[in-house]
Amino acid sequence: MNNPLLSDAPLPAFGAIDASHVEPALRALLDANRAEVAALLESDADGWDRLVVPIERMHHRLARAWSPVGHLNGVMNSDALRAAYNACLPLLTAYHTELGQNERLCAAYQRVADREGASLGPEQRKVVENALRDFRLAGVSLPPERKQRFRALMERLASAQAKFDENVLDATHAWSRLVADEAELAGLPAHAVQRARDAAAAAGQDGWLLALDAPTYQAVLTHALSEPLRREFYEAWVTRASERGPHAGQWDNGPLMAEILALRHEAANLAGFANFAEYSLATKMARDPAEVLDFLQRLARLSRPAAEREFAELERFAARALAAWDVAFYSERLRHERLQISAEALRPYFPLPRVLAGLFTVVHRLYGVRIVAKPAVEVYHPDVRFFEVLDRDGAPRGGFFLDLHARPKKRDGAWMDECVGRIRLGGTCSQPVAYLVCNFSPPVGERPSQLTHHEVLTLFHEFGHGLHHLLTRVDTPSVAGINGVPWDAVELPSQFMENFAWRDEVLPLISAHVETHEPLPHAMLERLQASRSFQAGMQTVRQLEFALFDFRLHAEFRPDRPARIAETLAEVRDAVAVVRAPEFNRFPHSFQHVFSGGYAAGYYSYKWAEVLSADAFGAFEEHGVFDPATAGRFLGSILERGGSRDAMEAFVEFRGRRPEIEPLLRQMGLAA
Ligand SMILES: [Zn+2]
């Protein structure tokens, strides 16, 4: 079959991929994999080499074919691709559950553990341990009819989650605001006004067309002098895919959310867990729900007094009670007054090409690798570029597609995803390849895109994930790079990288004024650094609100009553929030991390990993941010090892002790 998704070429042939290829390719691969598993079991294949290696190669083949499909669905969404993608989700889910529930396969892995356990290397032992754990999580030992029920739950969950995403995307794109009088845009940065002008022209309309994408939303909430405009945007944003707001009821995720929670709970019960929070923790660094709740509540106790002080100060500054849509606006003004710094004034100092070049320099100085553009590599959109990562000796180590600008039909937010995983097993070899995706404002005319410092942090963050994937030395795909890394440790390398973008040693490397080419002046640099702890309490309680809401929602779910979504959110807000959300706020309805992404009963992972990353960065503060020995240990103990060893052991090997919370509190200016 001449299907580009089944090609062995090192990189996807994006131009040749058509929605019509998706389902046939997936079906062919699933059939081949099923036949291979059956043949392995039939021939009583035993042991690491004869059983585990072929299975790992099989997983690799599938992941590699599917990766461009999932990626394009996220960044180049079209009706045809969406339909093909959705048609495949149940097939894929059924396949994974079926493998996870295969008793003979599980028994064969158990024999590998029993007979070869002692002679296997640590990486191999981890692969087998993880596989045995995942069999248990898929309900391998259940009686047939309950297994069947578990499979049905997983399939329905996959399509319900995909529908949740679609609703958010559709609701986001359905709303825009045409402005006829430029005075209404007062306060907005020039680039945002220009973009709105271009958007109106492209749509054949007069005036300015404001879309509901993240950069526009942020710009309006932070800068628009018009309170009615801010309120209108806020309402459109926080009511997306709900029964409230401008498109009330049209893409309402409400019923789906209740269903998703019920499905997760029932699946967790079947697998032998009291609730989905416990099920979620079976693969994480945190040991049990009490440890997570204690951790979040301790942080809340430490940060809420600061958050209350900060909010009171903000209301004093504004000289009135503030609504949710006023907070970013007045915060920006207070920040400006207090620190003589504004996000927009910094933008010209961070033109994207300079930031990227500086980031590559930082990575080179830390880990010795060089990053070079490879313009000849085929990409899927003119905005996208491909880069290769070269070792000290010039040998290629991997590569990545960089897709940084917001555009229609592209999912919100920023993320790193695997395009190809690293493998060196049984004659199959490939280098890791990543997708790095952000949603920065596109360049306007000849001018390069200019980033806020916040966007610079986002880029460093995603690059940290990218390095975890690209620098791995692990040969077995299921524990290479970010694979097999517990979800609450996976943000360690990414949040760790953000620290560099705040440093004296790094800011001159990543900044150069777009016209004068001057690096960020020292006085501005100091004020920027001082701004790091600005409203740190408010930012922390906001993250804790999300984390506690998510975790309690899953931990406290009971099948004998309706999901308490609004009630749990209200209780959590009473306990930790300082900004009052209006009654119409329906933020859970677009909370993709938790309802459709991988952060279900896992949103706490961000804060958990922030403790790890702040503490890890502490070692660099002690020895110098480019200290080769410290960087070498971070590379060797964390980045290169992927999921091939226990996350706590890896941390302790690097830091010489278990993680401590104090470096994070110091970093945020919250230390007593
Ligand atoms: Zn991340």
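## Largest cavity

The lining of the largest cavity divides into 10 nonpolar residues, five polar ones and one charged one (Ala, Val, Leu, Ile, Met, Phe, Trp, Tyr, Cys and Pro count as nonpolar, Asp, Glu, Lys and Arg as charged, and the others, Gly among them, as polar). This is a predicted model, in which local features need pLDDT of at least 70 and side-chain atom pairs count only at pLDDT 80 or more, while totals for chains, interfaces and linings use all residues. Residues are numbered from 1 along each chain as its sequence is written, and side-chain values use heavy atoms, with hydrogens and water left out.

The structure holds five cavities of 30 Å³ or more, and the largest contains about 140 Å³ of space (a cavity is a set of points on a 1 Å grid over the protein atoms alone where a 1.4 Å probe fits but cannot get out, and lining residues have an atom within 4 Å of a point). Among its 16 lining residues, Val485, Ala489, Ile638, Ala647 and Ala650 are the closest to the centre. Helices α24 (628-639) and α25 (647-655) each supply at least two residues of this lining, and α25 gives the most, with three.

## Packing of α2 and α5

Helix α2 (residues 47-75) packs with helix α5 (residues 122-137) at an angle of about 70°, the axes being 12 Å apart. That makes α2 roughly perpendicular to α5 (a term for angles of 65 to 115 degrees). In α2, Trp48, Val52 and Glu56 meet Gln124, Val127 and Val128 of α5 (contact means heavy atoms within 4.5 Å). By class, this contact of α2 with α5 has four nonpolar, one polar and one charged residues.

Methods
Axes fitted to C-alpha atoms, helices over the stretch in contact; angles between N-to-C directions. Helix = DSSP H or I, 4+ residues; strand = E, 2+ residues; numbered from the N terminus. Parallel < 35°, antiparallel > 145°, perpendicular 65-115°, else oblique. 1 Å grid on protein atoms, 1.4 Å probe; cavity = no way out; pocket = protein on both sides within 12 Å on 5 of 7 lines; lining within 4 Å. Points joined across faces, edges and corners; volume = space filled by probe spheres on them.
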